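Subject: Handover of a structure

Dear colleague,

My findings follow it, arranged by topic.

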Amino acid sequence: MSSCRVGLRLAACLLNISEARKKCIVENIAKAALLERNGQRHPEISVLNVFSDPEYNRSVITIAASIDELGNSVLAACLEAFQSIDMEVQEGIHPCLGAVDLIPIYPPSGVGVEE
């Protein structure tokens, strides 16, 4: 059985963005992670959770996909965040480095850290 089958080479990203109070912005960033370049929904990418803390004005979007698809998905979400979040007016008690300031990727299944 090949280890390159979808489902065996999964990874997840807990994308941290500097917005939680404007729900439509957070939703658009999460949606951007789900779309292919042609605008169609990608069948192998899922947003598992969106956690928003209005006091901190920060959200964590959990994106899961095959290791081959995750990079493009996260990049699309980051680009949407950069275009949508105005850091000149961003306020919250959590310190932030930018519209996106943390991109941890976890390989839970069949993927080595080096990948």
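Strands here are DSSP runs of E at least two residues long, and they are numbered from the N terminus. N16 is found in one of these, strand β1. Please note that this is a predicted model.

Confidence

The chain has an average pLDDT of 87, and 87% of the residues score at least 70. Among the elements, helix α1 (residues 23-34) has the highest confidence, at a mean of 98, whereas strand β5 (residues 105-109) has the lowest, at 78. Over residues 1-7 the pLDDT stays under 50, and the model has 6 contacts beyond four places in sequence for this stretch. Where pLDDT is low, the predicted coordinates should not be read in detail.

Strand β1 and its partners

Strand β3 (residues 58-66) pairs with β1 in the antiparallel sense over 8 bridges. Within that pairing, A12 of β1 has A64 in β3 as its bridge partner. Strand β4 (residues 100-102) also pairs with β1 in the antiparallel sense, over 2 bridges. Here V100 in β4 is the bridge partner of I17.

The side chain of N16 makes a polar contact with the side chain of R58, at 3.2 Å. Not counting residues up to four places away in sequence, N16 touches R58, S59, V60, A99, V100, D101, L102 and P104.

T62, in strand β3, is likewise buried, with a relative accessible area of 14%. Leaving aside neighbours within four places in sequence, the contacts of T62 are C13, L14, S46, V47, L48 and N49.

The nonpolar core

Which residues touch the most other members of the largest nonpolar core? They are L15, I17, I29, I63, L70, V74 and I85, out of 23 residues in that core. The elements giving two or more residues to this core are β1, α1, β3 and α2 (67-84). As for I29, its contacts outside four places in sequence are L15, I17, I61, A77, E80, A81 and I85.

Cysteines

A disulfide is a covalent bond between the sulfur atoms of two cysteines. How many disulfides does the model have? The count comes to 0. For C78, the closest cysteine sulfur is that of C13, at 7.0 Å, which is too far for a bond because the cut-off is 2.5 Å. C78 is also buried, at 6% relative accessibility.

A backbone feature

Most residues other than glycine have a negative phi, and most peptide bonds are trans. N57 is not a glycine, yet its phi is positive, at about 55 degrees. Where does N57 lie? N57 is in the loop between β2 (45-53) and β3. Is N57 buried or exposed? At 4% relative accessibility, N57 counts as buried.

With kind regards

Technical notes. Residues are numbered from 1 along each chain as its sequence is written. This is a predicted model: local features need pLDDT of at least 70, side-chain atom pairs count only at pLDDT 80 or more; totals for chains, interfaces and linings use all residues. Side-chain values use heavy atoms; hydrogens and water are left out. Buried means under 20% relative accessible area, exposed over 50%, partly exposed in between (1.4 Å probe, protein chains only). Two strands pair if DSSP finds at least two bridges between them. Helices (H or I, at least four residues) and strands (E, at least two) are DSSP runs, numbered from the N terminus. pLDDT is the predictor's confidence in each residue, from 0 to 100. Contact means heavy atoms within 4.5 Å. A nonpolar core is a set of buried Ala, Val, Leu, Ile, Met, Phe, Trp, Tyr and Cys residues joined through side-chain atoms within 4.5 Å. A polar contact is a pair of N or O atoms within 3.5 Å; within protein, one must be able to donate a hydrogen and the other to accept it, and residues adjacent in sequence count only if both atoms are side-chain atoms.
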